[in-house]
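Please open the model in your viewer and keep the selection tool at hand. The stops below say what to select next and what is found there.

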Amino acid sequence: GDMKKIYLLSIMFMISITSSAAECDILNRSIDQKTNITNKELEIIRNVLSRENVLTGTSTKDLFKSVIQFQKKYKLEMVGNIGPKTKAKINSLIGINCQNSIITVPNSTSTSVSTKFIDTDPERLMLSGPNGGESIEQGIGRSLDIVWSSENLSKDSDIVIDLLGENLEIVIKQWKVKNTGKFTLDHNQVDALQIGWFNLRIKHFCNSETIACSVDTSDNPFVIYPPTGWVAGIFNFNRFDSGKKYYVNYSQSIPVAWFSYAKDFDYYKVYLGNVLLNKEVLVGNTRESGSSIDYMKLKELKSGTNKSDLEIQNAYYVKVKVAKRANEGEDRIIKEIVSGQFGIR
């Protein structure tokens, strides 16, 4: 996108100036802990960090720790790497220090003129909805608008949208769209999503597919729930989310809760399973919209396995079936919902 630039002209022959070359040279690339940093880049970074009173040591490890403090000071994302935003801030501070001096580039005998620039207005993404607390009901005709705004970023730029679990760690769904400020999921896409609590994250990658130049995440989770009268997913294990860890012992169990089923049925059948064991056990039948998983059911599920607790500890799930009692044979299952995977310790 269009960004304001301050151009610094460098005459490539020996000119005597009062500012040192290290202070007036700028960073021309992003740097992370795997980058082969040149001595000149180290000198530039250390000078700036020292002037900002955040330099804490002389090793490369100390350098990146100091970068985090620099990012904290200027309210940048504290990732420890020098990405485009941090690089732009470092370069802008160099520009202020140089006070528009002509820069000497050492070890050069060419008389050609080169141009360097500093980004004074870094790009920015701001997510406006869903941004936390919204309730989105599935069903025919119900769509979902993901809305954001941006600064210093063109409408042709690619934006990545992540649908995250409540704990912000698991990417459930991802879309790559243009920076139009709005992306709509139609009712078929909304109905295909899981039931539960979610967050959104939007980001733009400017130099690579690993370092995001601008990121924004929803302030709080929002909920997607099914049409009224259907059984929802096991989304509110006291605000359950996939990837969460629960602790079970003789005195502590896991609460399970779900939306009620409004049509004719006899009871819910609740199961605890583990995908790595390829096994599940019946926790019990209930007419309530909730149950609990105790230590004995966990012990029953793990009985007979040769796998360690460590191997299987993050692969548990809960299944709820809406059942109608049959006169003969097995219960007739009307609807079945499976939770995301979670951990049990």
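**A charge over a ring**

Begin by selecting Arg-287 and Phe-265: Arg-287 lies over the face of Phe-265, 4.5 Å from the ring centre. A charge is taken to sit over a ring if NZ of Lys or CZ of Arg is within 6 Å of the ring centre and within 35 degrees of the ring normal.

This is a predicted model, in which local features need pLDDT of at least 70 and side-chain atom pairs count only at pLDDT 80 or more, while totals for chains, interfaces and linings use all residues. Residues are numbered from 1 along each chain as its sequence is written, and side-chain values use heavy atoms, with hydrogens and water left out.

**Aromatic pairs**

The structure holds 5 aromatic pairs. Rings of Phe, Tyr and Trp (its six-membered ring) pair if their centres lie within 6.5 Å; planes under 30 degrees apart count as stacked, over 60 as edge-to-face and the rest as tilted. Select Phe-70 and Tyr-74, whose ring centres are 5.1 Å apart and whose planes meet at 55°, so this pair is tilted. Phe-70 is buried, at a relative accessible area of 0%, and Tyr-74 is partly exposed at 25% relative accessibility. Here buried means under 20% relative accessible area, exposed over 50%, and partly exposed in between (1.4 Å probe, protein chains only).

Tyr-250 lies in the loop between β12 (245-246) and β13 (254-257) and Tyr-295 in helix α6 (residues 295-302), so the pair ties together parts that are 45 residues apart in sequence. Helices (H or I, at least four residues) and strands (E, at least two) are DSSP runs, numbered from the N terminus. Tyr-250 is exposed, at 67% relative accessibility, whereas Tyr-295 is partly exposed at 25%.

**The open sheet**

Now display β3, β5 and β8. These 3 strands form an open sheet in the order β3-β5-β8, with antiparallel pairing. The edge strands, each pairing on one side only, are β3 (124-129) and β8 (182-185). On average, neighbouring strands of this sheet are turned by 20° against each other, direction ignored. That angle is taken between axes, which are lines fitted to C-alpha atoms (for helices over the stretch in contact), and runs from 0 to 180 degrees between N-to-C directions. Two strands pair if DSSP finds at least two bridges between them.

Along one side of β5 (residues 144-151), the antiparallel pairing with β3 runs over 5 bridges; Met-126 has Ser-149 in β5 as its bridge partner. The antiparallel pairing of β5 and β8 runs over 4 bridges, and Ile-146 has Phe-183 in β8 as its bridge partner. On β8, colour the two faces: Phe-183 and Leu-185 form the covered one, Lys-182 and Thr-184 the uncovered one.

**Backbone exceptions**

Most residues other than glycine have a negative phi, and most peptide bonds are trans. Select Gly-129 and Pro-130: the peptide bond from Gly-129 to Pro-130 is cis, with omega near -10°. Pro-130 is placed in the loop between β3 and β4 (135-137).

Which value does phi take at Asn-152? Phi of Asn-152 is positive, near 55°; this residue lies in the loop between β5 and β6 (158-165) and is partly exposed at 25% relative accessibility. Lys-75 also has a positive phi, near 55°. Lys-75 is found in the loop between α3 (60-73) and α4 (84-98), and at 77% relative accessibility it counts as exposed.

**A buried lysine**

Select Lys-87 in helix α4. Is Lys-87 buried or exposed? Lys-87 is buried, at 15% relative accessibility. Leaving aside neighbours within four places in sequence, Lys-87 is in contact (heavy atoms within 4.5 Å) with Leu-27, Asn-28, Arg-29, Ser-30 and Ile-82.

**Two nonpolar cores**

A nonpolar core is a set of buried Ala, Val, Leu, Ile, Met, Phe, Trp, Tyr and Cys residues joined through side-chain atoms within 4.5 Å. The largest has 23 residues, and those with the most contacts inside it are Leu-272, Tyr-316, Val-318, Phe-342 and Ile-344. β13, β14 (267-274), β15 (279-286), α6 and β17 (316-324) each supply at least two residues of this core; β17 gives the most, with 4 residues. A second, separate core of 21 residues includes Ile-146, Ile-159, Val-177 and Phe-222.
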